[in-house]
Amino acid sequence: MSITRRDFLNGMAIAIVSGLTPLELVRANGKTPGSADINADYYPPLLTGLRGNHPGSFEMAHALGREHEKFDFGKLPVEEEYDLVIVGGGLSGLAAACFWREKMGKEAKILILDNHDDFGGHAKRNEFNVGGKTLLGYGGSESFQSPDSNFSPVVHGLMDSLGVSITRMKRSFDTTFYPDQHLSRGVFFDKKNFGETKIVSGDPGRAVSDDIPPDRLNGRSIEDFINDFPLDEVDRKALLDLHINPADYLQGMTVEQKTEWLDTHSYHTFLEKKVGLSKMALMYFQQRTNDFFAIGIEGVSCSDARACALPGMEAMGLPPLDGEALADLEEPYTYHFPDGNAGLARLMVRKLIPQALPGSTMEDSVTARLHYEQLDRPENGTRIRLNSSVINAANADNGVVVSYINNQSGKLHRVKSRNAIMAGYNMMIPYIVPEAPEQQKEDLRLNVKSPLVYTNVVVNNWRAFKNTGVHEFYSPAAPYSRVKLDYPVSMGDYHHPQTPDDPMCIHMVYVPTYPGSNMSPREQFRRGRAFLLGSTFDTHEQMIRSQLQEMLGHTGFDHNRDIAAITVNRWAHGYAYYASPLSDDMEKMPEIINRARQPIGRITIANSDSDWSAYAHAAIDQAWRAVNELVAMG
């Protein structure tokens with residue numbers, strides 16, 4: 001399968017034509033890369049290259065943010081009328097449509113508008129055909145987080161209505177597949193930062209949201225593991241002491257004072273100032289929090305680092321972790337569709353538009369081809385309209401008028417609805433709904449989402465991983481902090497690769513962070529977002545190939561020969577902002593969150609942003625709230 005570059009329209013191209021008005025800008029771009037008429041051949045999951053916030057999906061929103069005063073909606077006719085218009089076709093928007101149908105009946109007319117060329121938002125399906133075999137990967141929202149502890153009755157109820165069985169999902173995950181292959185987790189030390197290229201296998205450490213049973217890690221003793229690091233003897237001893245003989249590094253403080261200090265100081269500060277690690281020893285931990293928090297250890301509090309099982313706080317006499325943090329550590333991370341939470345999005349589409357996805361079970365949905373040409377048919381009670389960037393929503397005449405631009409034609413359209421739900425990013429709402437109170441706009445803008453990249457690399461075989469003895473790498477300093485073989489999930493007719501000679505999907509996580517910059521998380525997120533949107537696929541491809549070749553080259557891996565496809569899921573707006581005492585006044589946060597999601601006339605606000613929580617269950621709970629707010633208005 002050849003690698004397709006779909007990045008000729010990127011952030012830099014926008015700068016070139018920034019002198020144009022927003023409408024001229026769209027028309028100057030012509031058809032968006034990778035777009036197509038919605039017919040039987042339209043199938044976005046197969047697209048490779050830059051996906052996620054793909055070219056053509058974000059330029060209109062950025063133009064609106066810069067030059068919103070140049071948009072004129074007054075003379076546009078209303079073309080269609082609905083009972084409910086939902087802005088955003090991610091998990092929250094789709095859940096809101098399901099809840100509305102549940103309350104108002106199947107005759108309710110619903111329109112879902114999304115700026116991307118696929119539905120699901122961050123729940124993105126990546127599909128590959130290699131050597132006659134179909135491989136599935138997740139390009140964003142990954143798995144259910146601790147459903148036994150975190151799912152509300154509302155979320156469980158939606159799952160039941162979709163035919164999702166948590167029990168069967170867990171059985172589909174082969175937790176001992178990689179341990180049975182005698183593989184472990186390991187660390188990749190790159191030559192640029194550590195002076196030599198070295199793979200250290202046998203990581204015995206516990207991981208947050210772990211899918212491997214703690215007694216099957218195939219880890220070595222912590223002494224053997226750390227003594228293999230390419231660090232000098234002093235640094236290795238310091239790391240061993242931290243893991244094996246931690247001291248009370250906050251001696252003299254009461255438990256309450258310790259808790260407050262850990263809440264308000266970063267893990268980096270703790271390791272540097274209280275533990276006394278050197279710069280090189282510190283570097284080992286730098287990206288440990290990238291995957292879970294989308295920021296390095298200078299942007300994560302000690303309390304959150306403790307919840308991620310990072311060492312150093314065991315001898316302080318601290319109270320036990322709270323229930324949610326403990327669940328994330330203890331409950332197996334095994335609730336996973338082969339395409340991540342895109343599988344959940346597809347099941348919601350099946351519920352809303354049954355003819356779009358054949359079948360009737362969770363299992364048969366995995367390999368069923370979704371018929372995108374069925375999503376926006378006039379006879380549908382619920383219609384999903386892709387490639388549609390909403391630029392205005394306004395209360396008018398006992399309803400809401402919504403204006404959007406077709407990303408392909410550049411044409412403006414207007415629809416009217418009795419009700420509307422904003423299920424997109426919080427930070428876009430002030431521009432889309434300018435009548436929102438100024439204080440609410442300020443609160444919405446505080447949710448600066450963290451940028452991150454989920455890359456799927458398909459290789460013709462995974463013998464290189466087998467030869468290293470590692471199924472998942474942590475990289476302290478290389479661009480991609482996590483490089484792992486795909487989760488071993490077999491569901492329905494879809495079967496995970498079984499032998500090292502089979503094609504395999506490698507999942508890689510890259511987070512643009514700026515250690516040592518003294519920037520706040522929000523500042524780092526803004527800078528990282530600008531970098532991602534200004535970077536071409538060539539830039540990402542070079543990083544990917546270079547890192548994989550350095551990691552695996554000693555096994556005979558050849559990136560030119562062995563890589564079959566690359567899909568870079570670029571999320572310039574990734575995780576919802578996670579409030580922390582490091583940067584936020586936590587006493588004020590509940591008030592800020594509540595103000596930010598207040599209804600604006602007959603416009604309510606959903607999505608995980610409105611809960612300031614980057615989880616699928618949060619997105620669903622917030623959809624339920626937004627729907628019920630509208631129902632209460634009558």
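Which residue of β13 is the bridge partner of Arg185? In this predicted model, the partner of Arg185 in β13 is Glu472. The protein chain has a mean pLDDT of 92, with 93% of its residues at 70 or more. Residues 1-36 have a pLDDT below 50, although this stretch makes 85 contacts in the model beyond near neighbours in sequence. Where pLDDT is low, the predicted coordinates should not be read in detail.

Glu472 takes part in bridges to two strands: besides Arg185, Glu472 has Lys484 of β14 as a bridge partner. On one side of β13, β6 runs parallel to it and is joined to it by four bridges. On the other pairing, β13 and β14 run antiparallel and share three bridges. How many of the residues of β13 are buried? Five of the five are, so β13 is largely enclosed by the rest of the structure.

These strands belong to an open sheet of eight, with mixed pairing, in the order β1-β16-β12-β15-β14-β13-β6-β7. The edges are taken by β1 (49-52) and β7 (198-201); each has a single partner strand, so one side of each is left without a neighbour in the sheet. On average, and with direction ignored, neighbouring strands of the sheet are turned by 25° against each other. In a regular strand the side chains alternate between the two faces of the sheet.

Gly49, which lies in β1, has Thr567 as its bridge partner in β16. Helix α24 (residues 537-552) packs on the sheet and touches β1, β6 (184-189), β7, β12 (450-459), β13 (470-474), β14 (480-485), β15 (504-510) and β16. The direction of α24 makes about 120° with that of β16. Elsewhere along the chain, Ser365 is 316 residues from Gly49, and the C-alpha atoms of the two are separated by 25 Å.

The largest nonpolar core has 77 residues, of which Phe119, Phe144, Val164, Leu344, Leu375 and Ile421 touch the most other members. Helix α4 (residues 91-104) gives the most to this core, contributing eight residues. Around Val164, leaving aside neighbours within four places in sequence, the contacts are Phe144, Met159, Met169, Phe337, Leu344, Leu347 and Met362. Another core, of 49 residues, lies apart from the largest one and includes Val200, Ile297, Tyr577 and Trp612.

The cysteines complete the picture. A disulfide is a covalent bond between the sulfur atoms of two cysteines. Zero disulfides are found in a search of the whole structure. For Cys308, which is in no disulfide, the nearest cysteine sulfur is that of Cys302, 12 Å away. Cys308 counts as buried at 9% relative accessibility, and Cys98 is likewise buried, with a value of 2%.

Technical notes: Residues are numbered from 1 along each chain as its sequence is written. This is a predicted model: local features need pLDDT of at least 70, side-chain atom pairs count only at pLDDT 80 or more; totals for chains, interfaces and linings use all residues. Side-chain values use heavy atoms; hydrogens and water are left out. pLDDT is the predictor's confidence in each residue, from 0 to 100. Contact means heavy atoms within 4.5 Å. Two strands pair if DSSP finds at least two bridges between them. Axes are lines fitted to C-alpha atoms, for helices over the stretch in contact, and angles run from 0 to 180 degrees between N-to-C directions. A disulfide is a pair of cysteine sulfur atoms within 2.5 Å. Buried means under 20% relative accessible area, exposed over 50%, partly exposed in between (1.4 Å probe, protein chains only). A nonpolar core is a set of buried Ala, Val, Leu, Ile, Met, Phe, Trp, Tyr and Cys residues joined through side-chain atoms within 4.5 Å.
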